[in-house]
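I opened this notebook to record what I looked up in the structure. The entries follow the order in which I consulted it.

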Amino acid sequence: MKKEHLILTLCTLFVIAIPLVQSISEGPKGVEKWFKELPHKKQRVTKLHFYFHDTTTGPGQTAYQVFESNISSTTITQFGRTFMFDNPLTVEPDARSMRIGKGQGFFGAASFEEPRFLMNLNFVFTQGKFNGSTLQFLGTNPILNRVREMSIVGGTGAFRLARGIAMAQTYFLNDTSSIVEYNLVVLRY
């Protein structure tokens, strides 16, 4: 019986230790240490590719309208209509493919002249090398353009102080959902 307890204890310690070895230091002291080492760190370019699944109505809805202006329904661009979302990120366009994270944030119609969203978008990675890390975007998204470029303005975890470019391209679109292909070029430490 004691041998079984020892094996169980060792296995438990192993399971607890693995995430600690792979993660970036957390907490104020860990972040402070990371910043002190920053002048010695080399910047790296990381390229990421995945698909963002947005469903605004029907089964599996992931984006919900949270407000609109008093003129939204009278403008051709629905100016002011705003949605919050919590969308899956997958490695392939098929929603059943491996999920690597979530796209969370909001988008709102921000132009009177053309369909253009103001987006606050956070990619939260839940699998793979960047599990637990995030990337943040802020900017406009001219949704009718074939390829849209948005700024990466920061990140957490493996992406602390990240900056870069996110290129979005609509892969699929209908009345209830869309799939957006993302190609990211991220400068990180």
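I note that the model is predicted: local features need pLDDT of at least 70, side-chain atom pairs count only at pLDDT 80 or more, and totals for chains, interfaces and linings use all residues. Residues are numbered from 1 along each chain as its sequence is written, and side-chain values use heavy atoms, with hydrogens and water left out.

I then placed Val66 in strand E2, residues 63–67. Val66 counts as partly exposed because its relative accessibility is 43%; buried means under 20%, exposed over 50%, and partly exposed in between (1.4 Å probe, protein chains only).

**Entry 1: the overall fold.** I recorded two helices and nine strands. Helices (H or I, at least four residues) and strands (E, at least two) are DSSP runs, numbered from the N terminus. Along the sequence the pattern reads α-α-β-β-β-β-β-β-β-β-β. Of the 189 residues, 37% are buried.

**Entry 2: the largest pocket.** I noted a volume of about 700 Å³ for the largest pocket. Its lining has 28 residues, and those closest to its centre are Asp54, Phe107, Phe117, Ile143 and Leu173. A pocket is an open set of points on a 1 Å grid over the protein atoms alone, where a 1.4 Å probe fits, with protein on both sides within 12 Å along at least five of seven lines; lining residues have an atom within 4 Å of a point.

Which strand gives the largest share of this lining? I found that E9 does, with four residues. The lining divides into 14 nonpolar, ten polar and four charged residues.

**Entry 3: two positive phi values.** I found Gln78 in the loop between E2 and E3, with a positive phi near 60° although Gln78 is not a glycine. Leu161, in the loop between E7 and E8, also is not a glycine and has a positive phi of about 60°.

Definitions and conventions:
Points joined across faces, edges and corners; volume = space filled by probe spheres on them. Nonpolar A, V, L, I, M, F, W, Y, C, P; charged D, E, K, R; others polar.
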